[in-house]
Amino acid sequence: MPVGGSPGVPVMATEVRFGEGRQAENRTQVQVGEFDGPLALLLALIEARQMDVLTVPLGALADAYLDALGRLEADRLGNVSSFVAVASQLILIKSRAMLPRQTDPTDPTALADEGTDPEAELRARLLLYRAYRDGGLRLAEEAERRMGLFRREPGAARAAAMAGARPTDLRTLDPSLLARALDRLAAIAPPAEMPPEVIARTITIAERAELIRAALIDAPMVVLQDLLQGVRDRVVIAITFLAMLELMKRREIVVEQAVPWGPIVARATTPDERALAGVAPEVDAAPIDETLESFA
Amino acid sequence: MTDEHEALAPIELTEAALEALLFVAEKPLSRREIGSLAGTDRAMVDARLGDLQMSLATRGIRLVIDGDRVELATAPEGGALVARYVGADAVRLSPASLETLAIVAYRQPVTKSAVERIRGVDSDYTIRTLLHRRYLVELGRSEAAGRPFLYGTGFDFLERFGLTSLDELPPLDADVAARLAEEGGEPIHVPISSADEVTG
């Protein structure tokens with residue numbers, strides 16, 4: 001049978017059946033699956049017995065509560081700790097009720113060691129919970145009776161939705177207009193920037209020979225490795241070497257290398273040396289022939 | 001929005017002008033917005049809102065007040081008829097959601113742990129569901145350790161439950177109500193989005 005809550009407030013949370021148990025606390029069977037929390041369960045047990053939360057001995061409900069707790073479904077174990085916490089409180093209340101208690105009316109601190117009264121604490125929680133549970137139910141009742149308040153909804157969007165997405169009555173446009181417009185736009189657009197021009201670098205034997213000649217004006221001799229210090233380009237190195245060989249061939253310079261991989265030292269030939277070699281004493285001013293035939 | 005209105009010439013905020021403004025507005029307006037639009041101060045806005053609330057008390061349109069924000073909505077007495085016209089259904093909430101909503105409505109601003117202390121059970125999922133349905137809103141953060149969120153009810157709660165303000169909440173159990181009055185609310189520390197949404 002459904003359980004009644006506070007006067008005028010229906011309880012929709014649970015189903016309680018009365019069994020044939022001998023003791024009153026065993027006669028109530030509650031479907032726990034409906035309950036969201038332990039206080040809801042405990043309150044349903046109290047209300048099923050039509051007892052007053054303010055006066056009911058809570059310890060007497062411990063067995064019924066534990067019985068209901070034992071039937072908790074496995075998928076509700078996430079909340080089981082909160083159910084167990086209230087169960088332990090009920091057991092404590094019941095055990096305290098069974099034990100003789102020393103009370104001394106002349107000594108107000110006689111019960112100080114026992115701390116706060118767990119029954120009073122749990123009863124207060126129940127009362128508070130019940131107030132909000134019933135408050136929520138009254139809210140739902142009012143909401144059902146009044147059906148809520150209504151305000152003006154955003155009108156433009158709703159009007160558009162009601163009208164439907166319908167084409168306008170204006171004349172349709174020719175698709176070729178779009179193509180022509182794009183063409184005109186392309187004409188207006190600035191031309192794309194050209195990629196940077198790549199200019200091939202030319203290194204000539206004549207250039208490198210001039211470099212060697214210039215070096216030999218200021219110094220009596222030049223070490224090829226020093227001349228090429230810092231140069232990483234293998235082409236430049238090779239052309240410089242070829243220029244040195246070309247100057248040797250023209251008897252402009254003499255090159256010596258004392259040891260393999262050692263410094264290659266070049267110095268300008270004297271007019272006498274050139275004469276002895278059978279060439280004109282003056283340096284040949286003719287441009288260097290850079291064709292491959294000249295190397296043959 | 002307010003800055004551009006502050007530069008405009010003031011307009012006399014009559015009761016009729018205020019009613020017209022709220023009629024056209026398709027969303028709740030804050031008192032500050034109204035003051036900025038009319039170029040008048042908060043006291044004048046409050047006074048005119050009070051006048052309008054009195055005038056509409058017996059009409060089919062009511063002034064709905066949620067803290068700083070106000071709007072015009074149909075009167076609770078007309079709800080059933082309007083609902084039939086727009087095809088609206090009644091609120092359907094689980095007992096857990098109703099309990100949680102009641103706790104927040106009566107105690108706001110309130111933290112999740114305060115709700116759970118009263119219900120005796122984890123309420124995270126329930127609160128998230130109510131937030132999603134916009135019955136609850138985040139009002140700010142508590143000054144307590146961990147600075148938990150503070151929750152309150154929103155306009156959607158008032159509308160769906162047929163309340164023109166929180167003053168129309170059904171009375172709680174007398175003992176509990178007295179206890180609430182003694183306790184007071186939880187202090188607000190930091191607003192979430194704007195000062196308009198923080199209500200005491």
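In chain A, 59% of the contacts with a separation of 6 or more link residues 24 or more positions apart; two residues are in contact if their C-beta atoms, placed from the backbone, lie within 7 Å. The model is predicted: local features need pLDDT of at least 70, side-chain atom pairs count only at pLDDT 80 or more, and totals for chains, interfaces and linings use all residues. Residues are numbered from 1 along each chain as its sequence is written, and chains are lettered from A in the order in which they are written.

Chain A holds 10 helices and 6 strands. These are DSSP runs, helices being H or I of at least four residues and strands E of at least two, numbered from the N terminus. Of its 296 residues, 23% are buried, that is, 20 or more other C-beta atoms lie within 10 Å of their own. In helix H2 (residues 62-70) of chain A, the buried residues are A:Ala62, A:Ala64, A:Tyr65 and A:Ala68. They line one face of the helix, because they fall within an arc of 165° seen down the axis of H2(A).

Strand S2 (residues 61-66) of chain B runs antiparallel to S3(B), joined by 6 bridges. B:Ile61 has B:Thr74 as its bridge partner. In this hairpin, 2 residues lie between the strands, and B:Gly67 takes a positive phi near 65°.

Between the chains, 39 residues of chain B are in contact with 35 residues of chain A. H6(B) gives the largest share of the chain B side, 8 residues.

Definitions and conventions. Buried ≥ 20, exposed ≤ 12 C-beta atoms within 10 Å, placed from the backbone. Arc of directions from axis to C-beta. Pairing = 2+ DSSP bridges.
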